[in-house]
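Morning, everyone. I have one model to show, and I will keep it short.

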Amino acid sequence: TTGGQTKRMLIDYLPIVLLFIITSGFALTNLGISYLVGPKKPNPVKLSPYESGVPSFGDARLRFSVKFYLVAMLFIIFDIEVVFLYPWAVVFRDLLAQGPFIFYEMVVFLGVLGLGLAYVWRKGGLEWD
């Protein structure tokens with residue numbers, strides 16, 4: 001029966017394999033035709049980099065203020081808070097039936113996050129100068 005299962009599995013996956021072969025062939029054929037038929041007249045204007053149709057100026061590797069990274073880190077930290085808070089809120093009534101421990105646990109969690117927010121606020125991490 002092992003040989004029969006293997007044969008059946010190959011038959012089941014045959015359409016997927018054929019689709020992959022056909023789409024890969026189509027993509028490679030289109031790339032080859034555009035390479036062979038397409039115009040090849042490079043000039044400095046065509047080879048110059050641009051962004052959104054605006055010619056570039058200056059160096060692309062500018063230094064960013066640390067504030068950008070600080071705001072991103074704070075966003076990630078407080079965004080992860082919601083990841084933990086939302087499922088807890090969804091099953092809160094079911095968990096409360098087991099006792100008040102889960103409520104106090106979340107109060108401690110939010111308290112720690114509140115202390116972290118107060119610390120960042122006091123240090124001036126939320127001020128944009």
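I will go from the overall shape to single residues.

This is a predicted model, so local features need pLDDT of at least 70, side-chain atom pairs count only at pLDDT 80 or more, and totals for chains, interfaces and linings use all residues. Residues are numbered from 1 along each chain as its sequence is written, and side-chain values use heavy atoms, with hydrogens and water left out.

Overall layout. The protein chain has five helices and two strands. Those are DSSP runs, H or I of at least four residues for helices and E of at least two for strands, numbered from the N terminus. Along the sequence the order is α-α-β-β-α-α-α.

Now the dimensions. The C-alpha atoms fill a box of roughly 70 × 70 × 20 Å along the principal axes.

How much of the chain is buried? Of the 129 residues, 7%. Buried means under 20% relative accessible area, exposed means over 50%, and partly exposed is in between, with a 1.4 Å probe and protein chains only. The chain exposes about 12100 Å², and carbon and sulfur atoms supply 71% of that. Areas come from the Shrake-Rupley method with a 1.4 Å probe; for residues, only the protein chains shown count as cover.

Next, helix α1. Y13 sits in this helix, residues 2-37. Y13 counts as partly exposed because its relative accessibility is 49%. Y13 also belongs to a nonpolar surface patch with M9, L14, I16, V17, L18, F20, I21 and I22, about 950 Å² of accessible area together. Patch residues have over 30% relative accessible area and no salt bridge; nonpolar side chains (Val, Leu, Ile, Met, Phe, Trp, Tyr) are joined within 5 Å, like charges within 9 Å.

Charges. There are 11 positive and 9 negative side chains, with the centres of the two sets 15 Å apart. Lys and Arg count as positive, Asp and Glu as negative; His and chain ends are not counted. Each charge is placed at NZ of Lys, CZ of Arg, CG of Asp or CD of Glu.

How many salt bridges does the whole structure hold? One. A salt bridge needs a Lys or Arg side-chain nitrogen within 4 Å of an Asp or Glu carboxyl oxygen. D12 pairs with R8, closest N and O atoms 3.5 Å apart. Both lie in helix α1, four residues apart, about one turn.

Last, two pairs. L110, in helix α5 (residues 101-122), has its C-alpha 8.9 Å from that of L85, 25 residues away along the chain. N43 and I77 are 34 residues apart in sequence, but 48 Å apart in space, C-alpha to C-alpha.
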